[in-house]
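Thanks for asking me to look this over.

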Amino acid sequence: MFTRMQDGTAEDWAVIGSAHAEHFKKTPAHLMDMLRSLEAVTVGFACDQLQHSLMTGTLARRDNASDEEVAIALLHDVGKAVNIPNHGAIGAELMRPYISEDAYHVIYNHQHFQGKYYYAYMGGNPNMRADSVNESWFSLAEKLVDRWDAPAFDPDYEVDSLESFEPLIQQIFAKPLRAL
Ligand SMILES: [Fe+2]
């Protein structure tokens, strides 16, 4: 195996390519681990961010959402496992190869939709969602935020288990939808 990329051969790249293909299979497990880690993140809310994520996913599931909608409801805050200020962008990029463009934009922008409920308390514009009203993903963002995400801070709500979502995560994140 080369020690400088300048010296790579077709054989080297075949080895690297198949090792990468094996590694890609770990994406669902990585996402599950990131969700689990959110149990340690409460940041002032009534429940931790794992409960919040599970409640958001559970509400979507009980609302007869599509598989992709349930998955992005569950995972919309997964970026908080890394960093909160730009968690929408982090989560959106993590999931981008595996989800629709509309779902990507919903994750990316969901905080501005939530701003309806709190930006005024922080001196911001609570109607930032108005900037996106003509986007194809606007109605999905409203649905995710208003019906599933914003109501999902109840520590006593009986959520479906993280494990119950694992087959869905395995299915959606098994293979990128398109080449990068
Ligand atoms: Fe959320």
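1. A word on terms before the layout: helices here are DSSP runs of H or I with at least four residues, strands are runs of E with at least two, and both are numbered from the N terminus. Read that way, the elements of the protein chain run α-α-α-α-α-α-α-α from the N terminus on, which gives 8 helices and 0 strands. Please keep in mind that this is a predicted model.

2. For the overall picture, the C-alpha atoms of the protein chain fill a box of roughly 60 × 35 × 30 Å along the principal axes. Of its 180 residues, 36% count as buried. If you take the contacts between residues at least 6 apart in sequence, 60% of them join residues at least 24 apart.

3. Leaving aside residues up to four places away in sequence, Leu 144 touches Ile 72, Ala 73, His 76, Val 106, His 110 and Asp 149.

4. Next, helix H5 (residues 87–95). This helix is mostly covered, with 7 of its 9 residues buried: His 87, Gly 88, Ile 90, Gly 91, Ala 92, Leu 94 and Met 95. Helix H4 (67–75) and helix H6 (101–118) are included in what covers these buried residues.

5. How do H5 and H6 pack? Their axes lie 7 Å apart at an angle of about 170°, so H5 is roughly antiparallel to H6. On the H5 side the contact uses Gly 88, Ala 89, Gly 91, Ala 92 and Met 95, and on the H6 side Tyr 104, Ile 107, Tyr 108, Asn 109, His 110 and Gln 111. By class, these residues are 6 nonpolar and 5 polar, with no charged ones.

6. Thr 56, Leu 59 and Ala 60 of H3 meet Arg 147, Trp 148 and Asp 149 of H7. This contact of H3 with H7 has 3 nonpolar, 1 polar and 2 charged residues.

Terms used:
Residues numbered from 1 in each chain as written. Predicted model: local features only at pLDDT ≥ 70, side-chain atom pairs only at ≥ 80, totals over all residues. Contact = placed C-beta atoms within 7 Å. Nonpolar A, V, L, I, M, F, W, Y, C, P; charged D, E, K, R; others polar. Buried ≥ 20, exposed ≤ 12 C-beta atoms within 10 Å, placed from the backbone. Axes fitted to C-alpha atoms, helices over the stretch in contact; angles between N-to-C directions. Parallel < 35°, antiparallel > 145°, perpendicular 65-115°, else oblique.
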